[in-house]
Amino acid sequence: MKRPIYILGSSGFAKEVYFLIKEIGQYEIKGFIDIVEKEMVCFSEKRIDVISEKDFFLKETAETCCLAIGIGSPEVIKKLSIKFKSFTFPNLIHPSVVYDKENVVLGRGNIITAGVILTTCISIGSMNIFNLSSTVGHDAIIGNFNVINPTVNISGGVEIGDSNLIGVGATILQYKKIGNNSVIGASSLVVKDVNSNVVVMGVPAKEK
């Protein structure tokens, strides 16, 4: 029997997580959760209910369903992980993902979408988003609540802290370290370590 699951959020990325869950085929999608009740999320084949957080807590418990992150903001993801801490967040991995199952360690609640490649000897924390066709090289260490956008390339030995936003098409060269709460701009080339709480962009990436 498929396990019931709700998606936190109801905007564009939540729709992509809906698609991901359908592709996995192991869960029954019960609806979307937002701060307040909203109109349904529309797809070509159906309309899916959006319920408020208040109504969700009145209706469901950690024993009756699990949750998936459908929001692409590191700060919001971290807050939701606290608000819904008693619930199970399974790792959602698209069937097309290529990774060394014996040597990639995952926490919980990671969203790993189509075309992602994780090679080997990689440690990944919890509640990270790996968007379309991003890659992670050998011996990388990635913390929690990071949003890694499409076609990002993370080289071998890179260390990434918590709550970073990495823009579309960015490249991080081997053995570089990224702090916490930083933003790496789209298409940037990171050739040296990135401090916490900064924005870097460009080729090569520099603080702004």
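Residues are numbered from 1 along each chain as its sequence is written, and side-chain values use heavy atoms, with hydrogens and water left out. Because the model is predicted, local features need pLDDT of at least 70 and side-chain atom pairs count only at pLDDT 80 or more, while totals for chains, interfaces and linings use all residues.

## Strands and pairing

Helices (H or I, at least four residues) and strands (E, at least two) are DSSP runs, numbered from the N terminus. Two strands pair if DSSP finds at least two bridges between them.

An open sheet of 5 strands runs in the order β9-β12-β15-β18-β21, with parallel pairing. Its edge strands, each pairing on one side only, are β9 (104-106) and β21 (177-178). Within this sheet, β12 (residues 122-124) and β15 (residues 141-142) are joined in the parallel sense over 2 bridges. S123 has I141 of β15 as its bridge partner.

Elsewhere, β1 and β6 run parallel and are joined by 4 bridges. Here I5 has C66 of β6 as its bridge partner. From β6, C66 and A68 point one way and L67 and I69 the other way, and all are buried. Buried means under 20% relative accessible area, exposed over 50%, and partly exposed in between (1.4 Å probe, protein chains only).

## Nonpolar cores

In soluble globular proteins, nonpolar side chains tend to be buried together. A nonpolar core is a set of buried Ala, Val, Leu, Ile, Met, Phe, Trp, Tyr and Cys residues joined through side-chain atoms within 4.5 Å.

The largest core has 38 residues, and I21, F32, F56, L67 and L92 have the most contacts inside it. At least two residues of this core come from each of β1 (3-8), α1 (12-24), β2 (27-34), β5 (50-52), β6 (66-69) and α3 (74-83). The largest share, 7 residues, is supplied by α1. Contact means heavy atoms within 4.5 Å. Not counting residues up to four places away in sequence, I21 touches I5, I7, Y27, I29, A68 and L92. A second, separate core of 26 residues includes V116, I160, I184 and V198.

## Aromatic pairs

Rings of Phe, Tyr and Trp (its six-membered ring) pair if their centres lie within 6.5 Å; planes under 30 degrees apart count as stacked, over 60 as edge-to-face and the rest as tilted. The whole structure holds 8 aromatic pairs. Y6 and F56 form an edge-to-face pair, with 5.1 Å centre to centre and 75° between the planes. Y6 lies in strand β1 and F56 in helix α2 (residues 53-59), so this pair ties together parts that are 50 residues apart in sequence. Both Y6 and F56 are buried.

The rings of F56 and F57 have centres 5.7 Å apart and planes at 65°, so this pair is also edge-to-face. F56 has a relative accessible area of 0%, whereas F57 is partly exposed at 38% relative accessibility. One aromatic cluster is formed by Y6, F56, F57, F84 and F87.

A ring also figures in a contact with a charge: the charged end of K101 sits over the ring of Y99, 4.8 Å from its centre. A charge sits over a ring if NZ of Lys or CZ of Arg is within 6 Å of the ring centre and within 35 degrees of the ring normal.

## Polar residues

A polar contact is a pair of N or O atoms within 3.5 Å; within protein, one must be able to donate a hydrogen and the other to accept it, and residues adjacent in sequence count only if both atoms are side-chain atoms.

| Side chain | Partner | Distance |
|---|---|---|
| T135 | side chain of N153 | 2.8 Å |

T135 is in strand β14 (residues 135-136) and is partly exposed, at 23% relative accessibility. Leaving aside neighbours within four places in sequence, T135 is in contact with I117, V152, N153 and I154.

T113 lies in the loop between β10 (111-112) and β11 (117-118) and is buried, at 7% relative accessibility. Beyond four places in sequence, T113 touches L20, H94, V97, F130, N131 and L132.

N128 is in the loop between β12 and β13 (129-130) and is buried, with a relative accessible area of 0%. Residues touched by N128, not counting those up to four places away in sequence, include G109, N110, I111, I142 and N146.
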